[in-house]
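Reader: I have a new protein model open on my screen, and I would like to walk through it with you. Could we take it one question at a time?

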Amino acid sequence: MATDNSTRLAGQFALVTGASSGIGAAVAKALAAQGAGVVVNYIGNPEAAQAVVKDITDAGGQALALQADVSKEDQVQAMFQQAIQRFGTLHIVVANAGIQVDSSFLDMTLAQWQKVIDVNLTGQFLCLREGAREFVRRGPQPDISKALGKLLCMSSVHEVIPWAGHVNYATSKGGILQLMKSTAQELAPHKIRVNSIGPGAIKTPINHDAWATPEAEAKLLTLIPYNRVGVPEDIGNLAAWLCSDEADYITGQTIFMDGGMTLYPGFATNG
Ligand code: NAD
């Protein structure tokens with residue numbers, strides 16, 4: 001029997017970074033489908049962000065597109081101010097925006113290292129901090145959600161799986177592990193829940209070359225015991241559930257959603 005989750009997040013407002021494409025767009029739509037009003041953050045493609053807003057409003061939901069570079073403190077603070085002006089408050093922040101700037105370690109420039117750390121790690125810090133400040137300012141609304149607020153980091157299987165040729169990216173995701181856990185420890189007494197999703201391979205623009213041809217997809221599938229590449233909606237559904245009261249006792253955890261990529265598939269046939 002199908003379950004109707006359309007009111008699971010009713011009365012709540014969410015901000016999702018990097019929501020004009022891929023996983024962020026799917027998370028924004030899933031949160032909206034479950035009743036939340038959603039801020040669709042984007043950096044450089046207003047048409048794509050407006051298309052996500054339109055999908056949400058056409059389906060009867062509430063959404064607003066706001067531009068901000070998550071690595072810039074003044075832009076993040078201005079975005080949160082605008083979101084709060086429009087919606088009154090926020091209950092959910094999904095720090096999803098992320099980039100890859102790939103290079104061999106020997107050739108990696110400081111600029112390549114710094115850019116990825118700025119967006120993937122500092123950007124999550126800034127958004128988590130602004131979210132937490134707003135939850136504390138607003139105070140409890142037990143009729144709307146058991147928690148004061150929910151912070152969700154988009155991490156990666158590369159939080160735990162080393163990745164040669166992508167040292168800046170893997171380091172940023174390893175950093176998110178302690179950002180999430182330490183923040184969760186510090187904010188639990190405020191009843192703020194902080195968790196991460198660790199996606200495996202999900203079909204989005206960030207890894208287009210890894211699944212765009214049948215040959216590339218077949219090679220990728222050797223890393224995925226469940227034998228399918230994920231889709232953004234997989235992550236959207238998990239994000240909506242993790243931010244709901246059904247997950248109220250979960251904090252400080254990374255939930256890997258990876259078709260078994262973290263099961264060391266190379267050892268499946270005795271190593
Ligand atoms: P994507 O490229 O579609 O999404 C990344 C989004 O972040 C884009 O919309 C981009 O415009 C936005 N962005 C980039 N820099 C920004 C900035 N400075 N400020 C605001 N927004 C910015 O790719 P995706 O796969 O949807 O990635 C989303 C998240 O999921 C990333 O954190 C990524 O590391 C993570 N992830 C993806 C996969 C995968 O297989 N696709 C696996 C593990 C983790």
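Reader: Is Q12 buried or exposed?
Author: This is a predicted model, where local features need pLDDT of at least 70, side-chain atom pairs count only at pLDDT 80 or more, and totals for chains, interfaces and linings use all residues. Residues are numbered from 1 along each chain as its sequence is written, and side-chain values use heavy atoms, leaving out hydrogens and water. Buried means under 20% relative accessible area, exposed over 50%, and partly exposed in between, with a 1.4 Å probe and protein chains only. Q12 has a relative accessible area of 1%, so Q12 is buried.

Reader: Which side chain makes a polar contact with the side chain of Q12?
Author: Look in the segment before β1 (13-16), where Q12 is found; helices (H or I, at least four residues) and strands (E, at least two) are DSSP runs, numbered from the N terminus. A polar contact is a pair of N or O atoms within 3.5 Å; within protein, one must be able to donate a hydrogen and the other to accept it, and residues adjacent in sequence count only if both atoms are side-chain atoms. Leaving aside neighbours within four places in sequence, Q12 is in contact (heavy atoms within 4.5 Å) with residues including G35, H91, I144 and K150. At 2.8 Å, the polar partner of the Q12 side chain is the side chain of K150.

Reader: And T17, which backbone nitrogen does the side chain reach?
Author: T17 lies in the loop between β1 and α1 (22-33), and at 2% relative accessibility T17 counts as buried. Beyond four places in sequence, the contacts of T17 include N41, V70, N96 and C127. The T17 side chain comes to 2.8 Å from the backbone nitrogen of N96.

Reader: What is the phi of K191 near?
Author: Most residues other than glycine have a negative phi. K191 lies in the loop between α5 (167-187) and β6 (192-199), and its 48% relative accessibility makes K191 partly exposed. Its phi is positive although K191 is not glycine, with a value near 65 degrees.

Reader: What about Y264: is that residue buried or exposed?
Author: Y264 lies in the segment after β7 and has a positive phi too, near 50 degrees. With a relative accessibility of 58%, Y264 counts as exposed.

Reader: How many Å apart in space are A268 and P225?
Author: A268 is found in the segment after β7 (254-257) and, at 69% relative accessibility, counts as exposed. In sequence, A268 and P225 are 43 residues apart. In space, their C-alpha to C-alpha separation is 8.8 Å.

Reader: Stepping back, what is the radius of gyration of the protein?
Author: The protein has 8 helices and 7 strands. For 271 residues, the globule rule (2.2 Å times the number of residues to the power 0.38, with the radius taken over C-alpha atoms) gives 18 Å, and the protein is close to that, so it is as compact as a globular protein of that length. The radius of gyration is 18 Å.

Reader: What share of the contacts with a separation of 6 or more joins residues 24 or more positions apart?
Author: Along its principal axes, the C-alpha trace spans about 50 × 50 × 40 Å, and buried residues make up 49% of the 271 residues. Among contacts with a separation of 6 or more, the share from residues 24 or more positions apart is 73%.
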